[in-house]
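This report describes selected features of one protein model.

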Amino acid sequence: MEALIVVIIAIVVIALATAVAPRLGIAGPLILVLVGGAVSLLPFVEIPEINPEFILVGVLPPLLYSAAVSLPAIEFRRDFGPIAGLSFLLVIISSVLLGFFFMAVIPGIHPAVAVALGAILSPTDAVATSIVKRLGVSRRVVTMLEGESLLNDATALVLLRTMIASVGIATSVSGDTRIGFGFIPAFAWGVVVAVVVGAIVGWLNLRLRALIKNSAANTAIGFVVPFIAYIPTEELGGSGLVAAVVAGIVTGQGAARWFTPEQRRSDEHNWHTIELVLEGAVFLIMGLELRDIVTQNVEQHNGLGTGLGIALGALAIIIAARAAYVSLLVWLQSRRARGRQRTRLEAMNSRLDQIADGSAVPAPRYRGRRGEVSFDDPRAQRRLSSMRTRVSRALSDLDYYQASPLGWKHGAIIVWAGMRGVVTLAAAQTISSDVTDDRALLVFIAFAVAVGSLMLQGFTLPWVVRALRIERAGDDSLDKAEQSALDDELRDAAIGALSDPALRRRDGSEFAEDLVSLVGSRMVDPPDDAEGLPNRDLLELRLAMIEAMRGRLNELSSGGEYSTPALRHALAELDADQLSLELRLDDEED
């Protein structure tokens with residue numbers, strides 16, 4: 001009963017802190033740390049040491065899965081190179097640099113433990129993304145920060161796991177405390193197995209949940225997907241956390257095609273709530289453990305000066321390494337989208353258009369596996385369509401790069417927005433006393449770096465943006481011209497569906513010709529009581545048109561012509577319309 005009361009109070013505190021934070025101008029996580037710290041000082045409160053397995057298995061898989069589901073696919077693909085560099089290379093570089101630093105300032109620390117602590121401090125937190133969004137910074141910068149905060153968590157946690165495992169291996173051989181390159185195969189295996197298992201679980205999740213129509217049962221299955229990905233991956237020696245991320249990415253990208261509107265809206269709200277509670281719980285737990293951590297550091301290191309000094313040095317190294325890497329990244333990105341590349345792609349696109357409409361001279365042919373083949377062949381037509389799609393996508397990507405260039409000011413924002421947060425705190429608590437005698441010091445360093453970066457960078461980031469005088473990209477609202485063009489595409493798809501002989505009601509029956517003709521003349525938005533025709537028929541026809549528009553939207557999602565926010569907004573509108581129409585049809589049946 002006591003545990004239940006504690007959980008209830010914790011959830012209420014998390015909800016209140018989240019609601020009050022915007023009014024106070026303070027990040028919600030900082031409020032929770034302060035509340036937890038204040039509670040820990042009460043003389044009648046005893047805080048037991050949290051089992052690391054609770055954080056590692058119970059918190060991190062659903063937390064990372066939730067973030068992966070909402071990943072913006074198109075922008076992520078376009079900037080996958082720089083995002084992967086920030087998420088993998090920078091994490092490795094930062095972890096190694098911090099490892100050398102910790103070996104120099106913490107006497108007797110095992111090299112693997114030093115690198116493990118470096119891995120704990122390396123991943124950035126998604127809290128920076130919400131701050132940057134409110135400041136109106138370029139959406140491209142926001143996407144890069146979102147992608148980095150997701151993928152670098154996986155990299156850091158795999159490296160942490162590998163380093164901790166190597167401690168036992170190294171010390172079991174004649175007390176050897178050196179660390180070589182033997183961890184690399186384990187690291188690679190952990191990632192490969194995780195990617196394979198996570199992709200399979202994500203694929204099965206889409207197919208299975210598409211068959212289950214009961215909304216409650218469907219939601220229940222969705223809740224356990226991160227753990228279904230995590231458990232078998234861990235048994236195979238891989239990283240269950242990476243598997244949860246991959247499963248989330250696969251599920252998020254396939255939801256528009258496989259899930260119903262009710263499932264998508266339910267998942268969005270449910271996972272947002274879970275993410276809020278789990279993140280808040282980690283910060284609250286850290287605040288509750290603060291008294292014991294501080295007490296142990298005072299007793300073992302004669303005060304907090306040692307831990308704070310090491311944390312300050314580590315934070316300086318993190319920012320310096322990030323600044324150097326991002327400077328190189330911005331320089332490389334500035335060389336993209338050259339005019340010569342656009343000219344070549346436009347010429348190729350024009351040639352493909354000529355081939356498609358038959359105006360190319362001489363008659364085009366290409367050499368296939370069985371010799372020279374005419375483009376009149378059906379297989380060649382499919383190949384031509386694929387080539388046109390790739391060229392069109394490349395041109396759209398160039399438009400994106402030119403419309404959202406990365407300059408040194410954007411690089412400065414990316415550097416300063418690299419705050420540490422929930423994953424750093426959660427990962428630090430997975431270090432057990434069996435691994436190192438310096439657990440209290442290491443956890444305190446992680447806490448100081450996370451809270452210090454949140455306070456230093458989080459509070460000053462708005463000032464940095466104003467000082468750089470970066471042109472605002474607007475708030476998180478959609479580009480009106482882009483949305484209008486997308487609406488026109490969907491309207492054309494709906495009108496085209498009206499002339500399709502395969503147009504049917506949900507029960508498979510045909511629509512009356514006069515109804516289809518009337519709706520076509522009213523441009524897909526007929527009044528409900530038009531011309532005395534049955535209202536139910538109109539509702540059924542609008543549902544069929546929504547299905548056609550959603551099909552067109554799925555096609556556009558792979559082309560790259562429209563941004564992910566615009567596509568998701570359009571999908572949300574279609575889902576809302578469909579749910580409303582289905583509810584009205586159900587009311588008529590009753």
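## Pro232 in helix H10

Pro232 is found in helix H10. The model is predicted, and the values given for this residue and the others are computed from it.

Leaving aside neighbours within four places in sequence, Pro232 is in contact with Val197 and Phe227. Pro232 and Ala194 are 38 residues apart in sequence, and their C-alpha atoms are 9.3 Å apart in space.

## H10 against H11

Helix H10 packs with helix H11 (residues 240–258) at an angle of about 140°, and the two axes are 8 Å apart. That angle makes H10 oblique to H11, because an angle must be over 145 degrees to count as roughly antiparallel. The crossing of H10 and H11 is right-handed.

On the H10 side, the contact is made by Val225, Pro226, Ala229, Tyr230, Thr233 and Glu234. On the H11 side, Gly240, Leu241, Ala243, Ala244 and Ala247 take part. By class, the residues of the contact between H10 and H11 are eight nonpolar, two polar and one charged.

## Aromatic pairs

A pair of aromatic rings is described by the distance of the centres and the angle of the planes. A search of the whole structure finds four aromatic pairs. One of them is formed by Phe76 and Phe80, with 5.5 Å from centre to centre and 75° between the planes. The pair of Phe76 and Phe80 is edge-to-face. Phe76 counts as buried at 12% relative accessibility, whereas Phe80 is partly exposed with a relative accessible area of 42%.

Phe223 and Trp271 also form an edge-to-face pair, with 6.0 Å from centre to centre and 80° between the planes. This pair links distant parts of the chain: Phe223 is in helix H10 (residues 215–235) and Trp271 is in helix H12 (residues 261–301), 48 residues apart. Phe223 counts as partly exposed at 34% relative accessibility, while Trp271 counts as buried at 5%. Together with Tyr65, Phe223 and Trp271 form one aromatic cluster.

## Leu278 in helix H12

Helix H12 also holds Leu278. At 15% relative accessibility, Leu278 counts as buried, because buried means under 20%.

Which residues does Leu278 contact, leaving aside its neighbours within four places in sequence? They are Val59, Pro62 and Leu63. Leu278 and Ile11 are 267 residues apart in sequence, with 9.5 Å between them in space, C-alpha to C-alpha.

## Helices packed on H18

The axes of helix H6 (residues 111–121) and helix H18 (residues 439–468) come within 10 Å and cross at roughly 25°. That makes H6 roughly parallel to H18, and H6 passes H18 in a right-handed crossing. From H6, the contact is made by Val113, Leu117, Ile120 and Leu121. From H18, it is made by Leu442, Ile445, Ala446 and Val449. The residues of the contact of H6 with H18 divide into eight nonpolar, no polar and no charged.

Helix H16 (residues 408–416) also packs with H18, at an angle of about 170° and with the axes 10 Å apart. That makes H16 roughly antiparallel to H18. The contact involves Trp408, Lys409, Ala412, Ile413, Val415 and Trp416 of H16. Its H18 side is made by Leu456, Gln457, Thr460, Leu461, Val464, Val465 and Leu468. By class, the contact of H16 with H18 has ten nonpolar, two polar and one charged residues.

## The protein as a whole

The protein has 22 helices and two strands. Of its 590 residues, 47% are buried.

How much of the contact between residues at least 6 apart in sequence joins residues at least 24 apart? The share is 81% of such contacts in the protein. The pair of Phe223 and Trp271, 48 residues apart, is one case in which distant parts of the chain are linked.

Methods
Residues are numbered from 1 along each chain as its sequence is written. This is a predicted model: local features need pLDDT of at least 70, side-chain atom pairs count only at pLDDT 80 or more; totals for chains, interfaces and linings use all residues. Side-chain values use heavy atoms; hydrogens and water are left out. Axes are lines fitted to C-alpha atoms, for helices over the stretch in contact, and angles run from 0 to 180 degrees between N-to-C directions. Helices (H or I, at least four residues) and strands (E, at least two) are DSSP runs, numbered from the N terminus. Angles under 35 degrees count as roughly parallel, over 145 as roughly antiparallel, 65 to 115 as roughly perpendicular and the rest as oblique. A crossing is left-handed if the near helix is turned anticlockwise from the far one by less than a right angle, and right-handed if clockwise. Contact means heavy atoms within 4.5 Å. Ala, Val, Leu, Ile, Met, Phe, Trp, Tyr, Cys and Pro count as nonpolar, Asp, Glu, Lys and Arg as charged, and the others, Gly among them, as polar. Rings of Phe, Tyr and Trp (its six-membered ring) pair if their centres lie within 6.5 Å; planes under 30 degrees apart count as stacked, over 60 as edge-to-face and the rest as tilted. Buried means under 20% relative accessible area, exposed over 50%, partly exposed in between (1.4 Å probe, protein chains only).
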